[in-house]
Amino acid sequence: MKIDLHDYVATTPDFPQKGVMFRDINPLIGNGQAYRQAINELVDFAKSLEPDIIAGPEARGFVVGSPMAYQMGIGFVPARKYGKLP
């Protein structure tokens, strides 16, 4: 059964400043069925692009990009902020 993933993304208006809508994916990744569906839908989209590798910005990109790369049988590159690690 397909679920509406919008139901699993929390929105906080005016955070961190007025006029910004903060989107929180923690409810989505906290629900196994919603998380699996989201990854599967992203993989279906990405397959048509025939990527060689998936790159994901920290930290949400790690949570989404890693399982995508695994499922697609390709590598994953974490994109970190400059100077964060040696």
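Modeller: Start with accessibility. Buried means under 20% relative accessible area, exposed over 50%, and partly exposed in between (1.4 Å probe, protein chains only). Here, Gly73 counts as exposed because its relative accessibility is 67%. This is a predicted model, where local features need pLDDT of at least 70, side-chain atom pairs count only at pLDDT 80 or more, and totals for chains, interfaces and linings use all residues. Residues are numbered from 1 along each chain as its sequence is written, and side-chain values use heavy atoms, with hydrogens and water left out.

Biologist: Where is Gly73 found?

Modeller: Helices (H or I, at least four residues) and strands (E, at least two) are DSSP runs, numbered from the N terminus. Gly73 sits in the loop between α3 (60-72) and β4 (75-79). From Gly73 to Asp52 is 21 residues in sequence and 9.4 Å in space, C-alpha to C-alpha.

Biologist: Is Gln37 buried or exposed?

Modeller: Buried, because its relative accessibility is 12%. Gln37 belongs to helix α2 (residues 32-47).

Biologist: Which residues is Gln37 in contact with, leaving aside neighbours within four places in sequence?

Modeller: Contact means heavy atoms within 4.5 Å. For Gln37 the partners are Met1, Lys2, Ile3 and Leu5. With Ile3, the Gln37 side chain reaches the backbone oxygen at 2.8 Å.

Biologist: How many salt bridges does a search of the whole structure find?

Modeller: The criterion is a side-chain nitrogen of Lys or Arg within 4 Å of a carboxyl oxygen of Asp or Glu. The search finds 1 salt bridge. Glu41 and Lys2 form a salt bridge through their side chains, at 3.2 Å, N to O. Glu41 lies in helix α2 and Lys2 in the segment before β1 (10-13), so the pair ties together parts 39 residues apart in sequence. Glu41 is partly exposed at 32% relative accessibility. Lys2 is exposed at 64%.

Biologist: How many aromatic pairs does the structure hold?

Modeller: Rings of Phe, Tyr and Trp (its six-membered ring) pair if their centres lie within 6.5 Å; planes under 30 degrees apart are stacked, over 60 edge-to-face, the rest tilted. The structure holds 2 such pairs. Phe15 and Phe22 are edge-to-face, 5.6 Å centre to centre with 85° between the planes. Phe15 is partly exposed at 45% relative accessibility. Phe22 is partly exposed too, at 25%.

Biologist: Why is the pair of Phe62 and Phe76 edge-to-face?

Modeller: Because their planes are at 85°, with ring centres 6.0 Å apart. Phe62 lies in helix α3 and Phe76 in strand β4, so this pair ties together parts 14 residues apart in sequence. Phe76 has a relative accessible area of 24%, so Phe76 is partly exposed.

Note on methods:
A polar contact is a pair of N or O atoms within 3.5 Å; within protein, one must be able to donate a hydrogen and the other to accept it, and residues adjacent in sequence count only if both atoms are side-chain atoms.
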